[in-house]
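Work through the exercises below with the sequence and the model side by side, and try each task before reading its solution.

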Amino acid sequence: MKKLLIIFSLIMVGCATSAVNPKLAKITPENRIFLSETYNENTGKVTVIRDSGVTNGKMLITMYIDGKRAAEMDTSEKVTFNVNSGEHIIGVTFEGMFFSSPDEIMQEREFTISEGDHKYYRIFTDQFGNLDIKPTMLR
């Protein structure tokens with residue numbers, strides 16, 4: 001029984017996703033980007049990178065900025081948006097045939113951006129299949 005538990009634990013650890021360097025990430029195709037660009041002198045940038053890996057890898061993840069559908073992302077993709085200075089909320093969820101409402105499993109993070117800032121966020125799935133988004137230092 002102990003050996004079985006160790007093997008199961010190793011398999012589960014191997015199922016978590018892996019961070020992708022933004023320089024190596026693919027750009028999300030335009031047909032899956034829904035939020036119009038905002039650009040003026042009071043904007044900053046936010047780049048979101050989805051991890052690589054097989055955990056939930058066949059499902060697109062929908063990203064929201066301030067409650068507006070921004071993009072659908074596949075694994076190893078990135079998208080960059082100009083956002084007005086101030087406080088914002090970024091959210092990620094699975095949408096589609098398995099989920100009746102994106103609010104069921106939406107993960108959200110608040111961020112503040114100043115003029116000229118460029119913030120980076122990483123979408124990942126843990127070994128239990130839980131979706132989350134966090135700031136990243138990868139550039």
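**Exercise 1.** Which residue in β6 is the bridge partner of Thr62?

Solution. This is a predicted model, in which local features need pLDDT of at least 70, side-chain atom pairs count only at pLDDT 80 or more, and totals for chains, interfaces and linings use all residues. Residues are numbered from 1 along each chain as its sequence is written, and side-chain values use heavy atoms, with hydrogens and water left out. Begin with the two strands, which are DSSP runs of E with at least two residues, numbered from the N terminus: β3 covers residues 61–65 and β6 covers residues 86–94, and they pair in the antiparallel sense over five bridges. Pairing requires that DSSP finds at least two bridges between the strands. Within β6, the partner of Thr62 is Thr93.

**Exercise 2.** Describe the largest pocket by volume and lining.

Solution. A pocket is an open set of points on a 1 Å grid over the protein atoms alone, where a 1.4 Å probe fits, with protein on both sides within 12 Å along at least five of seven lines; lining residues have an atom within 4 Å of a point. The volume, the space filled by probe spheres set on the points, is about 190 Å³ for the largest pocket. Its lining includes Leu35, Asp66 and His88, and strand β5 (residues 77–84) gives the largest share, four residues.
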